[in-house]
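Me: I am new to this structure and would like to know what stands behind the labels used for it. Please take a few of them in turn.

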Amino acid sequence: MRLTLRQLQIFAAVADTGSTTAAGLQVALSQSASSAALNELEALLGARLFDRIGKRLVLNDTGRGLLPQARALLDGAAGIESQFGLGGGRPSARGMLTRLRVGASTTIGNYLLPALVASHLREVPDTTIDATIGNTSDIAAAVARLDVDLGLIEGPCHEPALQVRPWLEDELVLVCAPSHSLVSGDPATRVGLKALRVQRWLVREPGSGTREAVEHALLPHLHQWEQPMQLGSTEAIKQAAAEGLGLACLSLCAVQDLLTLRRLVVVNTSLPRLSRRFYLVHHRQKQFSAGLLRFMDHCEAAT
């Protein structure tokens with residue numbers, strides 16, 4: 001076999017960093033050795049993998065097609081090293097170490113994933129889970145690049161390379177401060193659509209699964225955001241709503257703490273029950289280890 005894992009490792013490092021110099025630092029090789037390995041790979045494949053733009057190397061369409069396959073092979077090799085203690089660790093008492101890379105969108109990562117990881121590690125203590133948190137589009141892109149093994153996202157996925165599995169149903173609630181004029185100190189006050197349409201709404205940034213879910217649930221009734229205030233995290237929206245800055249539509253699991261503390265109240269409206277679906281996503285070419293399958297089963301068993 002003429003193709004080597006080292007060549008693929010350097011190819012992936014150049015794709016990540018944009019230069020053979022930075023890639024060499026990442027894989028502990030000199031710039032000349034990294035450049036030579038990349039040239040060997042391109043000569044072997046008979047194709048250019050990068051466009052040379054000044055001093056920067058940018059993946060072309062051929063390189064983008066190869067990258068997921070290269071990462072899958074490197075991931076498999078890293079799994080073998082981890083299993084037999086060759087990656088700087090040591091085999092566990094059972095003879096195996098499992099290291100998983102999980103990506104989660106913001107609401108799931110902040111409010112559901114810690115409990116999922118903790119309960120899984122109680123069952124399978126010989127496991128390490130590295131978590132990446134970002135908005136839904138960022139996590140879907142990371143799964144597509146095979147930067148993470150599994151994605152837990154809270155919005156529709158538009159990456160064609162990914163397999164999407166429906167997961168949990170999540171209830172969405174409209175919340176505001178108890179002092180907000182809409183509720184007038186009485187959370188039981190029923191609020192009509194006309195009053196909702198003229199409020200300042202606190203919303204996430206485009207690309208957020210929460211933003212997409214809220215738009216899908218509310219805009220058919222409200223038609224447009226009258227006075228939107230965009231904030232970059234669910235936690236920021238919660239705190240802004242608690243300070244009386246506007247209304248928010250958020251996951252019940254995200255606001256339960258401030259509801260308990262009575263810093264937020266649920267707005268009683270004429271809207272139908274609002275909910276969305278969480279999803280598990282993985283690359284279609286992903287090689288599943290026994291440890292990853294067990295973690296996925298654990299997630300799917302969660303309620």
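Me: Why does Glu42 count as buried?

Reply: The model is a predicted one. Glu42 has a relative accessibility of 6%, and buried means under 20%, so Glu42 counts as buried.

Me: What makes the pair of Glu42 and Arg52 a salt bridge?

Reply: Their side chains meet at 3.1 Å, N to O. The cut-off is within 4 Å, so the pair is a salt bridge. Glu42 belongs to helix α3 (residues 31-45) and Arg52 to strand β1 (residues 50-53), ten residues apart.

Me: Why is Arg52 called partly exposed?

Reply: The relative accessible area of Arg52 is 38%.

Me: Why is Met1 called exposed?

Reply: Its relative accessible area is 96%, and exposed means over 50%, so Met1 is exposed. Met1 is found in the segment before α1 (5-17). Together with Leu3 and Leu45, Met1 forms a nonpolar patch on the surface, with about 360 Å² of accessible area.

Me: How do you know that Asp147 and Arg145 form a salt bridge?

Reply: The N to O distance between their side chains is 2.7 Å; the rule asks for within 4 Å, so the pair qualifies. Both residues also belong to a network of salt bridges with Asp16 and Arg71.

Me: Which parts of the chain does the pair of Arg276 and Asp170 tie together?

Reply: Arg276 lies in strand β13 (residues 274-283) and Asp170 in strand β6, so the pair joins parts 106 residues apart in sequence. Both Arg276 and Asp170 are buried.

Conventions:
Residues are numbered from 1 along each chain as its sequence is written. This is a predicted model: local features need pLDDT of at least 70, side-chain atom pairs count only at pLDDT 80 or more; totals for chains, interfaces and linings use all residues. Side-chain values use heavy atoms; hydrogens and water are left out. Patches are made of residues with over 30% relative accessible area and no salt bridge: like charges are joined within 9 Å, nonpolar side chains (Val, Leu, Ile, Met, Phe, Trp, Tyr) within 5 Å. Accessible areas come from the Shrake-Rupley method with a 1.4 Å probe; for residues, only the protein chains shown count as cover. Helices (H or I, at least four residues) and strands (E, at least two) are DSSP runs, numbered from the N terminus. Buried means under 20% relative accessible area, exposed over 50%, partly exposed in between (1.4 Å probe, protein chains only).
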